[in-house]
Protein chains: 2
Amino acid sequence: MLDRFKVPKSDEVRVPESSLRETVTAIFEKMGVAPDDAALGADVLISTDLRGVETHGVSNALREYVEAYGEGSLNARPDWKLITESPGTAVMDADNGLAVILGPRAMNIAIEKARTVGLGMVSMFNAGHSGAIGHHAMLAAKADMVGMCTTADSWTGVLPTFASEGRLGTNPIAVAAPANNEPYFLFDAATSSVAVNKLELARRVGANLIPGWIADREGTPIMEETQVKEYGEFYMLPVGGSREQGSHKGYGLSIVTEIFGTLLAGARPSMVENIHGAKHSFIAFNIAMFTEVQTFKENMDAMLRTLRETPPAPGQERVMYPGLSEHEEEQDRRANGIPLHKEVIQWFSDICGELSVPGLKPM
Amino acid sequence: MLDRFKVPKSDEVRVPESSLRETVTAIFEKMGVAPDDAALGADVLISTDLRGVETHGVSNALREYVEAYGEGSLNARPDWKLITESPGTAVMDADNGLAVILGPRAMNIAIEKARTVGLGMVSMFNAGHSGAIGHHAMLAAKADMVGMCTTADSWTGVLPTFASEGRLGTNPIAVAAPANNEPYFLFDAATSSVAVNKLELARRVGANLIPGWIADREGTPIMEETQVKEYGEFYMLPVGGSREQGSHKGYGLSIVTEIFGTLLAGARPSMVENIHGAKHSFIAFNIAMFTEVQTFKENMDAMLRTLRETPPAPGQERVMYPGLSEHEEEQDRRANGIPLHKEVIQWFSDICGELSVPGLKPM
């Protein structure tokens, strides 16, 4: 994450993982979520915070889930089912369940299929938010597979290249793969210029947005630094920003996430008819069906080490690969707690009082 | 394609598809390629030119193939084999065969597997160039499947984010999917800022490169318009160009193509050891195993029409989707011939004389 989006030291309060886990599990339970599911949901969010991906951890997401459970747009006890199934594929109707919790179930189904036929895929519709989809892709990597996940948002505030109206979500793609000695490869990125949660984070820490990240109400990219605008006052752009810089690539990949999650599930894209919630896909590639797992991991080690040891360009500190800084962040946060913005601490204090659940115990 | 890369009208000679097909097939045969394979190779290249993707048609690619066959780095009669296989997966050792020709075979194997278990994937190593991988992805779309292809180049001139030395190829990703009435969705793009062949095209038509497309020899992105430099005098950048504009996304996706094509095949990434040629992956997702094919196609129609009919931003003509302009170009080129640069016409004239094969018959 760019430095400008990090919580300033003066505004941060560090909370140990265990306390956060206890409180978040209790909040999910108060929302009516079954105990096992509540613990799973807390695990997904806190694993994400541990990796430093605070855009998708407890700070932004949880309060929205609490609101959605409260108003009934999220179903705390979804009666999800697989409506079609083949040896390698399935479609899950999530019955308005939170994909933070159903995502691991879907990926586990994909993993089981891949154990049998080499590949497995579940397309999920009628779902809520997935949290950081990289978390679900990692489940496959931990099972010695390559994992891939995609999301097609129900929100449509991202512009197609050249367009004046939003048609797509921030629609991320995540891929994870295991190595022997190097930390896991974990790519997880929006196909838009930036994840929408990052705008919320920028607002909280008072950071300006970067040229090419958003467009005005008419669809013209804003090519200078700008403050975060109110929802409704801007559109987001596909990664690349302008056509000449490659925004058609982010735009095209964004449609791919609709094909994987929405169209293969037999669901309607939100841009056409917003009736099927968020859609996600979960794909597992069983390494052992392709090649020796040890060969794969040795080659991953060699590749990731080569990337990490590449000399940096003038003015740059070092070359990283996707998943490396998150791995390092996790070591720090497990030892020293998860930094939350004081505004988030206040929200927890309020909601814990309201729901009569154990409050956070900062370090 | 941006206008600046199109062949100027004054420099173009239009050649009918049939003449180009006859000549290119004959050239492949003279290289020692079996007649069926020669016709297939010509079909892949000319289909690409028909779609207006002249970076990957006969103009740039064919002369390199002729050189490679001549010097023996490409094998005209490869003894390719599947070295591992499962119900949904296979690994193909291409024995230094041209993937332009072996790509359709690999995708057809993936399609057959997807007919049985819902998904199919072939990872290919020891291969030559694939041509435009979108062509191979389209084979799945024409079989009522979603097709996906990736390439990991043997050339490593693309910088990781923040790096001063190239580690990756232009590593494209293609995805194709069918609709009912709308032209096929066909996304096919390099994960680098631009395809390397586009630099050759820019040199031919005398166009400047766009800021953020290449870096200097030390890895610093060149952020103003610049002329095409000689090979060895620059590095290419991942899509996004700079970190703030999202180059870590192009970089991460580029590594994903290595995982799909190289690592799953049990092969060595070129950045580690350049011994396994180019690597490709071919994936088919059988729509009928997920949902009704008609439902899928109706939803594709609705989505693609919605995108196409989105009002454009000020100063823009219209909104397109991947595959639309290529479809329109194809109608024109089938009727009016394929425009080749006069320099390319000269190359054909020379090589046809040298090899004693039928020359091009311009319109």
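In this predicted model, A:Arg203 is partly exposed, as 14 other C-beta atoms lie within 10 Å. A:Arg203 belongs to helix α6 of chain A, which covers residues 196–205. In sequence, A:Arg203 is 26 residues away from A:Lys229, and the C-alpha atoms of the two residues are 8.8 Å apart in space.

Chain A as a whole contains 11 helices and 11 strands. Its radius of gyration is 20 Å, close to the 21 Å given by the globule rule for 363 residues, so chain A is as compact as a globular protein of that length. Along the principal axes, the C-alpha atoms of chain A fill a box of roughly 50 × 50 × 45 Å. Of the 363 residues in chain A, 59% are buried. Contacts within chain A were also sorted by separation in sequence. Among those between residues at least 6 apart, 67% join residues at least 24 apart.

Most residues other than glycine have a negative phi. A:Ser356, which is not a glycine, has a positive phi of about 55 degrees. This serine is found in the segment after helix α11 (342–355) of chain A. With 8 other C-beta atoms within 10 Å, A:Ser356 is exposed. In chain B, the phi of B:Asn126 is likewise positive, near 55 degrees, and this residue too is other than glycine. B:Asn126 is placed in strand β4 of chain B, which covers residues 119–127. It counts as buried, because it has 21 C-beta neighbours inside 10 Å.

The packing of two helices was described in chain B. Helix α2 (residues 35–50) and helix α4 (residues 99–117) of this chain pack at an angle of about 95 degrees, and their axes are 8 Å apart. Angles of 65 to 115 degrees count as roughly perpendicular, and α2(B) is therefore roughly perpendicular to α4(B). On the side of α2(B), the contact is made by B:Asp37, B:Leu40, B:Gly41, B:Val44 and B:Leu45, while α4(B) contributes B:Val100, B:Ile101 and B:Pro104. The residues of this contact comprise 6 nonpolar, 1 polar and 1 charged.

The arrangement of the two chains was considered last. Two copies of a chain are related by a rotation about an axis and a shift along it. Here, chain A is superposed on chain B by a rotation of 180 degrees with 0.0 Å of shift along the axis, at an RMSD of 0.0 Å. This is the relation of a two-fold axis. Both copies use the same surface, since 100% of the contact residues of chain A recur in chain B. The residue of chain A that comes closest to the rotation axis is A:Gly240, whose C-alpha atom is at 2.5 Å.

Between the chains, 73 residues of chain A are in contact with 73 residues of chain B. Several elements of chain A each supply at least two residues to the side that touches chain B, among them strands β3 (89–97) and β4 (119–127) and helices α7 (247–263) and α9 (293–308). Helix α9(A) gives the most to this side, with 8 residues. By residue class, the side of chain A that touches chain B divides into 42 nonpolar, 23 polar and 8 charged residues.

Notes
Residues are numbered from 1 along each chain as its sequence is written. Chains are lettered from A and ligands numbered from 1 in the order in which they are written. This is a predicted model: local features need pLDDT of at least 70, side-chain atom pairs count only at pLDDT 80 or more; totals for chains, interfaces and linings use all residues. Copies are superposed by least squares on the C-alpha atoms of residues with pLDDT of at least 70 in both. Two residues are in contact if their C-beta atoms, placed from the backbone, lie within 7 Å. Axes are lines fitted to C-alpha atoms, for helices over the stretch in contact, and angles run from 0 to 180 degrees between N-to-C directions. Helices (H or I, at least four residues) and strands (E, at least two) are DSSP runs, numbered from the N terminus. Angles under 35 degrees count as roughly parallel, over 145 as roughly antiparallel, 65 to 115 as roughly perpendicular and the rest as oblique. Ala, Val, Leu, Ile, Met, Phe, Trp, Tyr, Cys and Pro count as nonpolar, Asp, Glu, Lys and Arg as charged, and the others, Gly among them, as polar. The radius of gyration is taken over C-alpha atoms; the globule rule is 2.2 Å times the number of residues to the power 0.38. A residue is buried if 20 or more other C-beta atoms lie within 10 Å of its own, exposed if 12 or fewer, and partly exposed in between; C-beta atoms are placed from the backbone.
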